[in-house]
Amino acid sequence: MNTRKFDLRAQKTSFLKGIVEAPASKSYTIRALLCASLDGKAAIFNPLYSRDTLAAITSLRKFGASIKSKGNKLLIKGFNGIPLLKSGRINVGESGTLLRLLLPIAALGKGKFLVEGEGTLLQRTNRPIAEALLSLGVDIQGKDQEFRLPIIIKGKGGIEGGEVKVSAKISSQAISSLLMVSPLARKDVTILIKDEVVSKPYIDITLDVLKQAGIKVKREGYTRFLIKSGQCFKFRENFTIGGDYSSAAFLIVAACLISSDVVITNMVKDKQGDRKIIDILNSMGAKIKHSNNRVHIKGPFELKGRDINCADTPDLVPILAVAGCFAKGKTRIVNIGHLAHKESNRILTPASELRKLGVDIEAGKDSLVIKESVLKPAEVSSCNDHRIAMALVVAGLTVGGVTIKNAGAISKSYPHFVMDMRSLGARLVVKKKS
């Protein structure tokens, strides 16, 4: 399913059984694509093909990178640190990650770059990365003071470098974007974090990809990063992308709530913060086994509510909210104020849609509180948010008779979600829209 124009009808499913390979990590795929395109050559094995990663490939080709698909790998030849834009316009689709990571790369080129996007991305702030780039001398203009799209960058053929202060209380993407482009700056770059840092594991993913590309970064926790200029991107060996824990979380929770015998493969223990989904669910009463890159779930489990800190695992919030609906007692998901700035407001949106199913849920500025509930059939909406859509599918399979409108948003990160769930026995009916 790679079109967004369909609804899904989730019927009550009594048993899930089988083996499914987790989709490749979106975070690793996009970062590997960008690093390989900046300089040198690389072969990326097992990349994710989704709307976001395809937008990355299209954008990087316009910048001058050669990216060829051959079997289960991408062969990439970079543009040697100087984008040679073949078109003055770049469309990043609905990918906030791609947008923030791409802006400093555009500044390496010469000429006027117009960066556009689609959907809810048009409403999201880009102020942290824009302010950081301004302090480095980059000529960048946005639609308003929040630097919403469209954004214009007038490239001067490089970034000067030096010391830059960055805000990371909304997203860690500005830090990742600067880390990736800093080796190509004219002078050494020191990145100083001026406030709290959310989503720390995504910085770790960026550093992991940079390390495998031969880039050295000195760091002091999450407060200071030093990157020497003049470094070259050179992947020492073929780069293989492991499975995406953010996407696999929906399969895992479904198997915890429904009678099941499910194995998910390609679950490599890398730097993804959403690996915590297994520990979180086990602490709630599940007995999930994770060994030899395989996750084995034999559900259902009697889950118990608990407090969950999702400051560093924002993508888990929608599916953990669903898990909380079936857990005895109260589940509190806290430190999630930054989720108001995602594809949808991921505090208010899951609360609104789950209430339609009869869930007792309260949304605060920085938290969700969910009580064990008896769900009922209803029509709900993805609100054009891929993770909301998949979470609602899991809820629907447990109660039956749930229609998820605009479920095609799923293709943003997990195009084969419906096919994989059906292969396990999930009763899902696709209703295509004209």
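Okay, so "buried" here means under 20% relative accessible area, with exposed over 50% and partly exposed in between, using a 1.4 Å probe and protein chains only. By that cut-off Y28 is buried, at 4% relative accessible area, and F239 is buried too, at 2%.

Quick housekeeping. This is a predicted model, where local features need pLDDT of at least 70, side-chain atom pairs count only at pLDDT 80 or more, and totals for chains, interfaces and linings use all residues. Residues are numbered from 1 along each chain as its sequence is written, and side-chain values use heavy atoms, with hydrogens and water left out.

On to the rings. Phe, Tyr and Trp rings (six-membered ring for Trp) pair if their centres lie within 6.5 Å; planes under 30 degrees apart are stacked, over 60 edge-to-face, the rest tilted. That rule gives six aromatic pairs. One of them is Y28 with F239, tilted, 6.4 Å between centres and 40 degrees between planes. Y28 is in helix α1 (26–38) and F239 in strand β14 (239–240), so this pair ties together parts 211 residues apart in sequence. Helices (H or I, at least four residues) and strands (E, at least two) are DSSP runs, numbered from the N terminus. Ring pairs also link Y28, F235 and F239 into a cluster.

Then there's F63 with F79, edge-to-face, 6.3 Å and 80 degrees. Both of those are buried.

Last one: what sits over the ring of Y222? The charged end of R219, 4.7 Å from the ring centre, and that of K200, at 5.9 Å. The test is NZ of Lys or CZ of Arg within 6 Å of the centre and within 35 degrees of the ring normal.
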